[in-house]
Amino acid sequence: MKSLPGFFLAVWVTSALAAPDWEKANPIQPLPKPPLGIDSQWSDLKDPPTPESVRLGRWLFFDKRLSADGTISCASCHVPEHAFSERTPVSTGIRGQKGGRKAPSFVNQAWALYPNFFWDGRASSLETQAGGPMENPIEMGNTHAAVVNTCSQVSGYKKYFKEAFGSEDVSIDRIKRAIADYERTRMSGNSAYDRFIDGDKSALSAEAQTGMDLFFGKAECNQCHLGQNLSDSLFHNLGIGWNPKSKKFADQGRIVVSKKKEDLGAFKTPTVRDVTKHPPYMHDGSIRTLREVVDHYNKGGHKNPQLSPKIRPLHMNEKEVAAIVAFMESLDGEGYMDKAPASFPQ
């Protein structure tokens with residue numbers, strides 16, 4: 001009997017050493033705790049992610065093999081160090097093709113106020129959103145059937161599909177669910193703003209405090225940038241992309257999905273958390289800096305027939321504009337950071 005502990009230790013060591021490199025590089029981890037400023041909990045979700053599905057989803061999110069030519073992954077446009085957005089006006093897909101919109105950040109989307117994803121809200125879940133770029137000819141240029149076939153041919157993935165879903169079967173629904181569950185764990189909080197609200201009155205500079213008062217007061221930014229993620233997840237026409245000569249929008253926006261006249265030129269409100277991480281701004285990346293974004297609102301947007309009634313001249317002076325920028329800079333948080341696994345199942 002005295003030899004049993006040593007025997008089990010040897011088995012454990014042998015098992016650990018036998019684990020493939022990709023498993024060592026991406027171990028199962030507990031679901032992260034929502035950071036300061038995010039009051040929701042995993043138990044609030046009807047079907048919360050599991051550590052096993054998140055691990056699988058992390059591989060899939062960064063795996064370029066899901067694209068038609070093996071060059072593009074979800075992370076190619078939703079870049080971790082840029083708060084899962086990008087620092088280009090629009091996204092670039094396979095063969096260097098340019099899309100028409102910038103990849104929006106998805107931090108804190110597990111508890112979005114409304115289930116509207118993409119700039120035009122055409123996806124009603126993170127799962128649907130995850131599957132969209134795979135079939136987009138400009139983005140990943142693939143088909144769902146081909147994605148399933150690719151993952152099925154990777155024998156190393158079978159174990160992790162079984163851990164996450166109970167069997168080795170690979171389906172597009174399981175692939176999308178795993179990616180969406182990984183995305184759900186990308187949360188941002190504990191920003192200077194969050195710490196200030198939590199009672200640390202030294203967390204914000206005097207200028208940022210002035211900007212906060214303006215953001216939630218005179219400037220009325222919180223008409224749309226509200227809730228714990230500072231986004232109403234709804235759609236508004238700011239006049240971005242309006243051509244006064246042709247009297248047309250370069251991108252029609254939400255109306256293509258909703259078919260409602262009032263949604264012409266309307267796009268989803270993005271979160272302003274970590275907004276400094278991914279200039280330029282707006283759905284088309286047409287505004288270079290945060291200062292210019294605030295100037296756009298201050299001037300009352302670009303007038304057009306469907307301009308949101310919430311958009312009007314604000315009559316703020318230069319110091320007030322600068323203060324709002326300082327406040328938005330205070331919204332840089334932590335918790336979402338990640339990088340690609342060092343290796344992938346083979």
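This is a predicted model: local features need pLDDT of at least 70, side-chain atom pairs count only at pLDDT 80 or more; totals for chains, interfaces and linings use all residues.
Biologist: What does the pLDDT say about the chain?

Modeller: The chain averages a pLDDT of 95, and 95% of the residues score at least 70. Over residues 10-15 the pLDDT is below 50, and beyond near neighbours in sequence this stretch has 0 contacts in the model.

Biologist: How many salt bridges are there?

Modeller: Side chains of opposite charge can pair when their charged atoms come close. Here the count comes to 19 salt bridges. In one of them, the side chains of Arg 177 and Glu 127 meet at 3.6 Å, N to O. Arg 177 lies in helix α7 (residues 172-184) and Glu 127 in helix α4, so the pair ties together parts that are 50 residues apart in sequence. Both Arg 177 and Glu 127 are buried.

Biologist: Which residues are linked with Arg 177 and Glu 127 in a network of salt bridges?

Modeller: That network also holds Asp 47, Asp 181 and Arg 184.

Biologist: How far apart in helix α7 are Asp 173 and Lys 176?

Modeller: They are 3 residues apart, which means a separation of about one helical turn. Asp 173 forms a salt bridge with Lys 176, with 4.0 Å between the closest N and O atoms. Asp 173 is exposed, with a relative accessible area of 53%, whereas Lys 176 is buried at 15%.

Biologist: What parts does the salt bridge between Glu 320 and Lys 218 tie together?

Modeller: The two side chains meet at 3.1 Å, N to O. Glu 320 lies in helix α12 (residues 318-329) and Lys 218 in the loop between α9 (206-215) and β1 (235-237), so the bridge joins parts 102 residues apart in sequence. Glu 320 is buried, with a relative accessible area of 17%; Lys 218 counts as partly exposed at 38%.

Biologist: Is Arg 273 buried or exposed?

Modeller: Arg 273 has a relative accessible area of 1%, so this residue is buried. Its place is in the loop between β4 (266-268) and α11 (290-298). The side chain of Arg 273 makes a polar contact of 2.9 Å with the side chain of Asp 194, and reaches the backbone oxygen of Gln 228 at 2.8 Å. Residues in contact with Arg 273 from beyond four places in sequence include Gly 37, Asn 108, Ser 188 and Leu 331. Gly 333 is 60 residues from Arg 273 in sequence, but 7.1 Å away in space, C-alpha to C-alpha.

Biologist: Which residues form a nonpolar patch on the surface?

Modeller: Leu 113, Tyr 114 and Leu 234 do, with about 270 Å² of accessible area together. Leu 113 lies in the loop between α3 (51-62) and α4 (126-135), and counts as partly exposed at 45% relative accessibility.

Notes: Residues are numbered from 1 along each chain as its sequence is written. Side-chain values use heavy atoms; hydrogens and water are left out. Patches are made of residues with over 30% relative accessible area and no salt bridge: like charges are joined within 9 Å, nonpolar side chains (Val, Leu, Ile, Met, Phe, Trp, Tyr) within 5 Å. Accessible areas come from the Shrake-Rupley method with a 1.4 Å probe; for residues, only the protein chains shown count as cover. Helices (H or I, at least four residues) and strands (E, at least two) are DSSP runs, numbered from the N terminus. Buried means under 20% relative accessible area, exposed over 50%, partly exposed in between (1.4 Å probe, protein chains only). Contact means heavy atoms within 4.5 Å. A polar contact is a pair of N or O atoms within 3.5 Å; within protein, one must be able to donate a hydrogen and the other to accept it, and residues adjacent in sequence count only if both atoms are side-chain atoms. pLDDT is the predictor's confidence in each residue, from 0 to 100.
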